[in-house]
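Me: I want to learn how to read a structure like this one. Could you walk me through a few features?

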Amino acid sequence: SEAATTTTALSERLGRRCGNPECVKVHGQQTDSGEMTRLSIRCKGCLQEFYCSRTCRDIAKPTHDCPNTETATAATSGGTSSTRQVTCDTCGKRSSYRLMKKCSRCRNATYCSPECQKEDWPRHKNECKKKKRSTSSKESSSGRPGTNASANADN
């Protein structure tokens with residue numbers, strides 16, 4: 001039934017032009033290269049206007065009369081209240097978790113830029129090694145991953 005709903009929604013757009021006034025693409029029409037045009041990008045605010053690409057959506061944003069302008073602006077900037085905000089471990093800058101860089105080893109340290117990550121490495125290095133060592137259960141006393149000290153003692 002979900003596939004039927006999707007097909008119905010797509011067929012309702014047949015013949016509809018891209019929401020960007022400068023674009024001439026029409027949903028369901030074949031392009032010169034033989035591909036079918038699909039209006040699959042929606043306005044992030046009202047979800048009522050459709051576009052053929054993100055570029056067209058961004059171009060049309062100033063002219064689109066969206067009733068939910070605040071929602072659309074927050075959704076495109078990544079600044080919604082539901083977005084988890086974290087602080088850079090070096091400079092204290094706040095940003096969304098999704099946009100921050102994370103330590104690739106422990107994934108616990110967050111940074112706003114590679115420069116902040118490099119600057120914080122001397123401090124974070126020891127903390128990171130401790131967390132990595134305590135979370136790695138497959139390392140044995142030999143220090144080699146995947147070896148088991150008790151199995152080696154039997155040989």
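Reply: Bear in mind that this is a predicted model. Start with leucine 47. Leucine 47 is partly exposed, because its relative accessible area of 43% lies between the 20% and 50% cut-offs.

Me: Where is leucine 47 found?

Reply: In the loop between strand 1 (41–42) and strand 2. Look at its backbone too. Phi of leucine 47 is near 60 degrees, a positive value in a residue other than glycine.

Me: Which other residue has a positive phi, near 65 degrees?

Reply: Arginine 107, again a residue other than glycine. Arginine 107 sits in the loop between strand 5 (101–102) and strand 6 (110–111).

Me: Is arginine 107 buried, partly exposed or exposed?

Reply: Partly exposed, at 49% relative accessibility.

Me: Now the interior. How should I read a nonpolar core?

Reply: In soluble globular proteins, nonpolar side chains tend to be buried together. Here, the largest nonpolar core has twelve residues.

Me: What does cysteine 56 touch, not counting residues up to four places away in sequence?

Reply: Cysteine 56 contacts Cys18, Asn20, Cys23 and Tyr51.

Me: How many residues are in the second, separate core?

Reply: Nine, including Met100, Cys103, Ala109 and Tyr111.

Conventions
Residues numbered from 1 in each chain as written. Predicted model: local features only at pLDDT ≥ 70, side-chain atom pairs only at ≥ 80, totals over all residues. Heavy atoms only, no water. Core = buried A, V, L, I, M, F, W, Y, C linked by side-chain atoms within 4.5 Å. Buried < 20%, exposed > 50% of the residue type's maximum accessible area, 1.4 Å probe, protein only. Contact = heavy atoms within 4.5 Å. Helix = DSSP H or I, 4+ residues; strand = E, 2+ residues; numbered from the N terminus.
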